[in-house]
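Colleague: Could you take a close look at one part of this model and walk me through it? Pick a stretch and follow it wherever it leads.

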Amino acid sequence: MTSPATSFFRAVLHSYSMLFFSQHRGFAAVLLLVTFSHPAAGVAGLVGAGLAVAGARLAGFNKEWTDVGAYSFNSLLTGLALASFYAPGWALAGLVVVGAGLALLLSVALGGWLGGRGLPFLSLPFLLTVWLLLLGSGPLLHLAPGEGSVYWLNDVYAVGGPRLVSLAQWVGDWPWPPLLATYLRALGAVLFQDSAVAGLLVAGGLLWHSRIAFSLSVLAFLVAYGLHALAGPAAGGLNEYNLGANYMVAAIAVGGVFVIPSAASYGWAVGSVPVTVVLLAGLTAALDKLGLPTLSLPYCATALLFLYVLLLRERPGAGLVLTPVQRYSPEHNLYAHATDRVRLAHQGAVALTLPFLGAWRCTQGYRDGGPTHLGDWGAALDFAIADADGRTYHGAGLSPSDFYAYNKPVLAPADGVVEEVVQHIEDNAIGEVNTAQNWGNTVVLRHAPGLYTQLSHLRAHSVPVKMGDYVRRGDIVGTCGNSGRSPEPHLHFQVQATPYVGSRTLAYPLAYYVAEPAAESLAPAHTATPRLAETLQKITGASKGHPEKLLPTMTSEGIAPVAALTQPRQLRHFAVPTVGETVRPPAFNKLLSQTLRFPPGYALEVRNADAPEQPAQRWEVFTDAYNLPYLRCEATGAVAYFGGDESVFYFTAYYGSEASWLYLLYQAAYRVPLVSLSGQHTSDEFPLTIVGNAALTWVQDVVAPFYRFVKPTFSLAEAPTEANDWADRALRLRSRVVVAWFGRERATRAYSLLVRGGALAELRAERDGHVINLVISEAGA
């Protein structure tokens, strides 16, 4: 378990990296080192951050925000600024203490106010704190102005004498190219350092943390430099602090941190520069009258303006997507979003299941164009039962009772309320249709506001429910008949937005089912239609732009269009049957369902079988403020969020050290179907952060907002059953991680997961020839 002292130090360290919206501890250490270029400023900043972290913990403020440095980085900035403005002394020390506390209180207050509106508080607490202290400290304390460079050289002289002073001056006077020197000094100025060497360290740390953030800083610098060059003397001198703390930080914020990086976000970042120029000029003129410095106010104003207008859009575009979950890295935000928009697009949608038992054939679907599913009524499905020869009846087929589907039970596809019942219409003779009463006997169910299902052509007087009744998924709501516009017994199923019989159809997926493609076409078109994608976008907020990618299909070959698949049986997840397919509800694997249920409070104890002397790790299940479940490793603090439904278990996100054994489980069980599909494979997309090749990752990071050529994938299959597995109620799952780029593939990791008696028992992980065998047991068992 992490000690309180270690946790405190990490929170203080994160205060530094949060200046660039990061949680990278190496980058934070670099920034901490840079602040001590001027020792007085370094000490003041460190004291401010430490006091803020300690105060936040003692006061009981939000622990997560405290640990990531969100409540303390403004106190850090306050300490750095005050030490830059005033000479060292006891008066300055007292001012830093007061400033750290005030910045903390303002951070909490503004975090609650702006956070409730979906906006960050940025460095506004720092600005308000410094302005208040500048207005009051001069008359009260009579502080002497700071002379940072003089005191710095005096300190250097005290440490190393004239030789060290000469070395420091030589490094400071290095003949940098003018443009490069200005860029580096601008980065150093974010930390109130006027040194190209300090800026070089910051630039290196920023590149280490994020290639996207680094490229945005360069882009914003060049645009700002170019604008000032075009404006000429009228624009005034180019101030390094404004270049760094305003232009460059604003571009990083709106182009790669609070907006998912993309070509459009880079354009958005470029657009922020001229806006910052105007705000800087206007705000400087106004604050000069009060005798106050502008500091980073233009950056805050630009970022909040650009983010707020994005929140007000009626139709969010695919190019400018606000970051849904902040992972404190442009790359992590981008890769997680690109993966989740495909594999988790169905989250929030109502799970509709097949409205029947057994195997039925889809005789009309969304795309075949007829004969009756046309226009606004085209997103509907017809089902009938067919034998091995493709016939839907036995005997002569002259009577409705000769048809296999006739009088078979029709089920509620989800929990809901009965909105409409029609059951007085007699069945048609075979070959005849009743166009006057087109839909025949019908039941309409309401599952959610604006989401209804209609089941039609039922048998007369077969509906056991009445209007207003509440039904559960799987309850019988009638039997299949031949009423209405139905030449032979079949079931008509559609989703609609209104409760009226015959309403316009709504493209909507079925949550899970097993499909056998038609014999004449094992690969019918099956990806989401634009209308289907649009429906899920409205319901779940999925991104637009690539509707064909929004609905994943969990199949024997993975989440992919069915056109790429050739297996005879496939588990479909949030998809739509097509004409000719025979579909049936899946047979659920109770052993897997029990194993991966993970209720809150459930805990596992994990040991290394090859090194029994190593301490065990405890993984416990918790839920966050949004009631989302996650596994937490007590020893490392790593967490793995998970989700799923009746048909599938999957991990959704991982945070923390990759050295934690929990990371192995996250990869090994990334997606596990909870159904019995022996011999089948399941695949899914991993976020690019899973790639272990640093050089390949860095190259991909540079071009990731525009093009992604690295594709890591996950695959899982059930291993053959061994003789003793039956007696032990055991099941073995094997999975692997494959990284593909430019036509090349490399299996980077392989896993074997053993389930025994309804619980996880063993996990074997292999990477680059190294093997680790973990033994898993229920904690306390």
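Modeller: Let's start at residues 92-114: that span is 100% helix and 0% strand, and its end C-alpha atoms sit 31 Å apart. Helices (H or I, at least four residues) and strands (E, at least two) are DSSP runs, numbered from the N terminus. Bear in mind that this is a predicted model, where local features need pLDDT of at least 70 and side-chain atom pairs count only at pLDDT 80 or more, while totals for chains, interfaces and linings use all residues. Residues are numbered from 1 along each chain as its sequence is written, and side-chain values use heavy atoms, leaving out hydrogens and water.

Why that stretch? UniProt, in an unreviewed entry, lists 92-114 as a "transmembrane region", along with others including 183-207 and 293-312; such annotations may be inferred rather than shown by experiment. Residues 293-312 also have end C-alpha atoms 31 Å apart, with 75% helix and 0% strand.

Buried residues in α9 include Ala181, Tyr183, Leu184 and Leu187, buried being under 20% relative accessible area (1.4 Å probe, protein chains only). Among what covers the buried residues of α9 are α10 (196-209), α11 (211-231) and α12 (240-257).

How values were computed: Buried means under 20% relative accessible area, exposed over 50%, partly exposed in between (1.4 Å probe, protein chains only). Contact means heavy atoms within 4.5 Å.
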